[in-house]
Amino acid sequence: MVANDTAPIMQFGFTLVPAIQPDELHANMRSSIARGLPAVRSQSLPNTDILSIAGGGPSLADTYQDLTGCIAAVNGSLQFLLDRGVVPHICGVCDPSPHMVDIVTADPRVTYFIESCVNPKVYDKLLEAGCTVYRWNASSIPGGMQVLNQIEPDWFVVGGGSTMGLRWLGLGYALGFRHFDIHGLDSSFRIDPERGKASH
């Protein structure tokens, strides 16, 4: 095989093994959909406000005071902001790992947007604390479309990257936002100003 008739395409012989197996993701989806929570649908009217996405990277410590408009936390950045007196309007979670129940803070002042494949214990924790929770579907769950076709025929999915920080762009767009400020999406690597690159 060649790309553009010039360079060969190198094929790799390895298999990616997901951290959470598709059967478990599908069970999580069925559980969350059965709760009857409001689901995200495409917003037809643009929102003129800014969506400030607050990721959990180290640079958030430098810029969290610059968050404006509607503040959207990502997973554990919620607690970081709350500890500094900033109450985000919304918090998003798409990681299906069971440990997310320990990472995501339940605060009734915050509205949560939780992906359908997230572990049911996260939903339980938020709902038991009296939080407002919206559910949304990701486009990247293996076999997820088949599950949605079976149990949620009017499904709507949000595309995007593999992290909640990146997903907030697609989810925010679906919610009507057209202007985004991004903070703390530096992937946990603090840039050393003297070296111009990550310290490690």
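Predicted model: local features only at pLDDT ≥ 70, side-chain atom pairs only at ≥ 80, totals over all residues.

Colleague: Which residues of α1 are buried?

Modeller: Leu25, His26, Asn28, Met29, Ser32 and Ile33. Buried means under 20% relative accessible area, exposed over 50% and partly exposed in between, with a 1.4 Å probe and protein chains only. Helices (H or I, at least four residues) and strands (E, at least two) are DSSP runs, numbered from the N terminus.

Colleague: Why do they sit on the same side of α1?

Modeller: They cover an arc of only 160° around the axis, which puts them on the same side of α1. That arc is taken from the directions from the helix axis to the C-beta atoms. An α-helix has 3.6 residues a turn, so residues three or four places apart point the same way.

Colleague: What do the buried residues of α1 pack against?

Modeller: They pack against α5 (120–128), β7 (132–138) and α6 (144–151); contact means heavy atoms within 4.5 Å.

Colleague: And which exposed residues are on the face turned away?

Modeller: Asp23 and Ala34. Just after α1, Gly36 has a positive phi of about 70°.

Colleague: New topic. How many aromatic pairs are there?

Modeller: Three. Rings of Phe, Tyr and Trp (its six-membered ring) pair if their centres lie within 6.5 Å; planes under 30 degrees apart are stacked, over 60 edge-to-face, and the rest tilted. Phe113 and Tyr134 are stacked, because their ring centres are 5.1 Å apart and their planes at 10°. Phe113 lies in strand β6 (residues 111–115) and Tyr134 in strand β7, so the pair ties together parts that are 21 residues apart in sequence.

Colleague: Is Phe113 buried or exposed?

Modeller: Buried, at 7% relative accessibility, whereas Tyr134 is partly exposed at 30%. Phe113 also pairs with Trp168, edge-to-face, at 5.9 Å centre to centre and 70° between the planes. Trp168 is in helix α7 (residues 164–174), so this pair with Phe113 of β6 links parts 55 residues apart in sequence. Trp168 is buried too, with a relative accessible area of 0%.

Colleague: Which residues do the ring pairs link into a cluster?

Modeller: Phe113, Tyr134 and Trp168.

How values were computed. Residues numbered from 1 in each chain as written. Heavy atoms only, no water.
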